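Biologist: I am new to this structure and would like to go through it in short questions. Please show it first.

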Amino acid sequence: SGASVGGGATTGAWSITSGGGTLSSIAQTAAPAAVTYTPDPNFSGTVVLTLTTAATGTCPAASDTRTIHVTAAKTATAGGPDTVCQSANPSAIALGGASVGGSATTGAWSITSGGGTLSSTAQTAAPAAVTYTPAPNFSGNVTLTLTTDANGTCPAVSATRTITVNPRPATSAISGPTAVCANQAGVTYTVAAHGGANYAWT
């Protein structure tokens, strides 16, 4: 928008001077403001377009340039997944592998589901340095969300990280005789099994 020709010029044509991409038209047109420009996929940087009038009549063609700054899209990498064991005194889990990129400079963690606490929910340039601590005795799935800053021309983006807190293995009393004879064969001891756990006799 805002492009026009005047004076003795009645039409103008766009061209790409640098930066790549495509124009909806490169023909001379009386409505250069109606032409659109599309950057190449995933391109970021500076694009220079040139509008040149037709060289008809006694006056030479004239041209002017337009600069477009294409900002890199923001990216967020949450890392994970993680698996830990249920605890009455849970330890903090480092959220290693998390990062932001593109035009994003910071990211902030939030707890989407599963409870617990984060060491920080503020925007930070080092989201991998934040830790998460499950709630005491909690078991189940936790979902954390890393959201980039919303500064600049590009919108914020988010990524999620899943932490699975497995239940503590449970045991039950061993059933069987408390006294046996030396070298006695066929003595049986049993224990009730609990789902999600493996057992070994020692």
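Modeller: Lys74 is found in the loop between strand E5 (63-70) and strand E6 (75-77). The model is a predicted one.

Biologist: Is Lys74 buried or exposed?

Modeller: The relative accessible area of Lys74 is 5%. Residues under 20% count as buried. Lys74 is therefore buried.

Biologist: Which side chain makes a polar contact with the side chain of Lys74?

Modeller: Among the residues that Lys74 touches are Gly101, Thr148, Asp149, Asn151 and Cys154. From Asn151, the backbone oxygen is reached by the Lys74 side chain at 2.8 Å. The side-chain partner, at 2.9 Å, is Asp149.

Biologist: Which strands are the edge strands of the four-stranded sheet?

Modeller: The sheet is open, with mixed pairing and the order E7-E14-E13-E10. An edge strand here pairs on one side only, and that applies to strand E7 (82-85) and strand E10 (107-113).

Biologist: What is the bridge partner of Val84 in E14?

Modeller: E7 and strand E14 (residues 158-166) pair in the parallel sense over four bridges. In E14, Val84 has as its bridge partner Val165.

Biologist: How many residues does the largest nonpolar core have?

Modeller: Leu95, Trp109, Leu118, Tyr132, Val142, Leu144 and Ile163 have the most contacts inside this core. Strand E13 (140-148) and E14 each supply at least two of its residues. Another core, of nine residues, lies apart from it and includes Trp14 and Tyr37. The largest core has 15 residues.

Key: Residues numbered from 1 in each chain as written. Predicted model: local features only at pLDDT ≥ 70, side-chain atom pairs only at ≥ 80, totals over all residues. Heavy atoms only, no water. Pairing = 2+ DSSP bridges. Core = buried A, V, L, I, M, F, W, Y, C linked by side-chain atoms within 4.5 Å. Buried < 20%, exposed > 50% of the residue type's maximum accessible area, 1.4 Å probe, protein only. Polar contact = N/O pair within 3.5 Å; in protein donor to acceptor, adjacent residues only side chain to side chain. Contact = heavy atoms within 4.5 Å. Lists of a residue's contacts leave out its neighbours within four places in sequence.
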